Amino acid sequence: MAQHIPPDHILPAAAAELIEAGFRQYAPSLTRLASPHEMAGHIQGALDTQRPLSVVRLGDGELLTLAADTVLPGEQVQELAPFLPYAGVPRSTPDIRAALAEAIRGADWVGVPISRAPTFQGLLFPVLRHFGMDWSCLNLTSSTINYSMHQSGLLLPVLHGRRVLLVGSRAAELGALLHSRGIHVTGVISAVEGVADIPRVMQQTAEHSFDIALVAAGIPAVILCRRMAGELGRVAIDFGHLADKLVTGELQL
């Protein structure tokens with residue numbers, strides 16, 4: 001605020017007043033995200049009509065991968081995101097960025113961060129602009145839609161009576177937990193070893209009979225979910241760390 005006040009001047013208004021005035025100006029730009037109940041309805045509708053549907057989610061890992069050497073220097077991204085190798089991207093390359101951007105562009109629903117932190121919404125819109133994506137043309141929900149659906153009691157009803165495929169390092173444990181709650185788990189694909197492992201996972205996925213896949217595989221989950229929907233005609237949900245929290249009991253199913 002002080003940067004905009006000319007020398008030898010003061011502004012007799014509180015910061016909160018200025019923020020409120022600015023917000024009123026930009027309020028028409030507010031964009032509504034699909035709620036957990038709406039997303040559950042979309043997923044159930046696709047399952048009932050056997051239509052493909054992909055739900056992907058963008059967190060700091062995905063956004064920093066896309067930002068490397070595009071909207072941020074690669075060295076800065078390495079400093080900000082030492083966790084990227086664990087999340088499935090040993091190093092952000094043009095091919096990985098292109099595949100990730102294409103998956104986002106083609107996804108049916110894209111979860112975006114509500115947080116305005118620099119590596120969340122602070123990167124979201126610059127990254128989308130760089131890759132030529134008009135955010136207003138995307139179907140948007142929250143990047144934590146997986147947690148919201150669980151907390152709203154919508155996860156088990158969506159899965160009930162469906163053939164479920166689980167993908168990720170905790171898939172077997174999650175499968176046992178879901179089975180104990182009456183969910184029909186028809187397949188398990190264990191740990192996805194980064195983006196380089198996507199072809200193997202897709203090959204194994206094609207060998208399973210399932211209606212909906214829950215994919216907990218870090219950044220590769222975005223690409224996998226889009227391909228499962230586009231190539232196999234199935235419903236695929238980027239399930240994320242919700243799998244870990246359910247398995248460890250941090251969250252109750």
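**Helices, sheet and rings**

Guide: Happy to. Helices H10 and H11 cross in a right-handed way. Keep in mind that this is a predicted model.

Visitor: Got it. At what angle do H10 and H11 pack, and how far apart are their axes?

Guide: The angle is about 40 degrees, and the axes are 11 Å apart. H10 covers residues 198-206 and H11 covers residues 220-232. The two helices are therefore oblique to each other.

Visitor: Which residues of H10 and H11 make the contact?

Guide: From H10 you have Ile-198, Val-201, Met-202, Thr-205 and Ala-206. H11 brings Pro-220, Ile-223, Leu-224, Arg-227, Met-228, Glu-231 and Leu-232. Sorted by class, that contact has 9 nonpolar, 1 polar and 2 charged residues.

Visitor: And which strands does H10 lie across?

Guide: H10 lies across E4 (163-168) and E5, and it runs at about 150 degrees to E5.

Visitor: Let's do the sheet, then. What is the strand order?

Guide: The order is E3-E2-E1-E7-E6-E4-E5, in an open sheet of 7 strands with parallel pairing. E3 (140-142) and E5 (184-189) are the edge strands, each with a single partner strand, so one side of each has no neighbour in the sheet. From one strand to the next, the twist averages 20 degrees.

Visitor: How many bridges join E2 and E3?

Guide: E2, residues 109-112, pairs with E3 over 3 bridges, in the parallel sense. Within that pairing, Gly-111 has Thr-141 of E3 as its bridge partner.

Visitor: Switching topic: how many aromatic pairs does the structure hold?

Guide: There is 1 aromatic pair. Phe-125 and Trp-135 form it, edge-to-face, with 5.8 Å centre to centre and 75 degrees between the planes. Phe-125 sits in helix H6 (residues 121-130) and Trp-135 in the loop between H6 and E3, so the pair ties together parts that are 10 residues apart in sequence.

Visitor: Nice. One more helix pair: how do H3 and H5 cross?

Guide: The axes of H3 (residues 60-67) and H5 (residues 94-106) come within 9 Å and cross at roughly 125 degrees. That makes H3 oblique to H5. The crossing of H3 and H5 is left-handed.

Visitor: Which residues meet there, in H3 and H5?

Guide: On the H3 side they are Glu-62, Thr-65 and Leu-66. In H5 they meet Ile-96, Arg-97, Leu-100, Ala-101 and Ile-104. By class, the contact of H3 with H5 divides into 5 nonpolar, 1 polar and 2 charged residues.

Technical notes:
Residues are numbered from 1 along each chain as its sequence is written. This is a predicted model: local features need pLDDT of at least 70, side-chain atom pairs count only at pLDDT 80 or more; totals for chains, interfaces and linings use all residues. Side-chain values use heavy atoms; hydrogens and water are left out. Two strands pair if DSSP finds at least two bridges between them. Helices (H or I, at least four residues) and strands (E, at least two) are DSSP runs, numbered from the N terminus. Axes are lines fitted to C-alpha atoms, for helices over the stretch in contact, and angles run from 0 to 180 degrees between N-to-C directions. Contact means heavy atoms within 4.5 Å. Angles under 35 degrees count as roughly parallel, over 145 as roughly antiparallel, 65 to 115 as roughly perpendicular and the rest as oblique. A crossing is left-handed if the near helix is turned anticlockwise from the far one by less than a right angle, and right-handed if clockwise. Ala, Val, Leu, Ile, Met, Phe, Trp, Tyr, Cys and Pro count as nonpolar, Asp, Glu, Lys and Arg as charged, and the others, Gly among them, as polar. Rings of Phe, Tyr and Trp (its six-membered ring) pair if their centres lie within 6.5 Å; planes under 30 degrees apart count as stacked, over 60 as edge-to-face and the rest as tilted.
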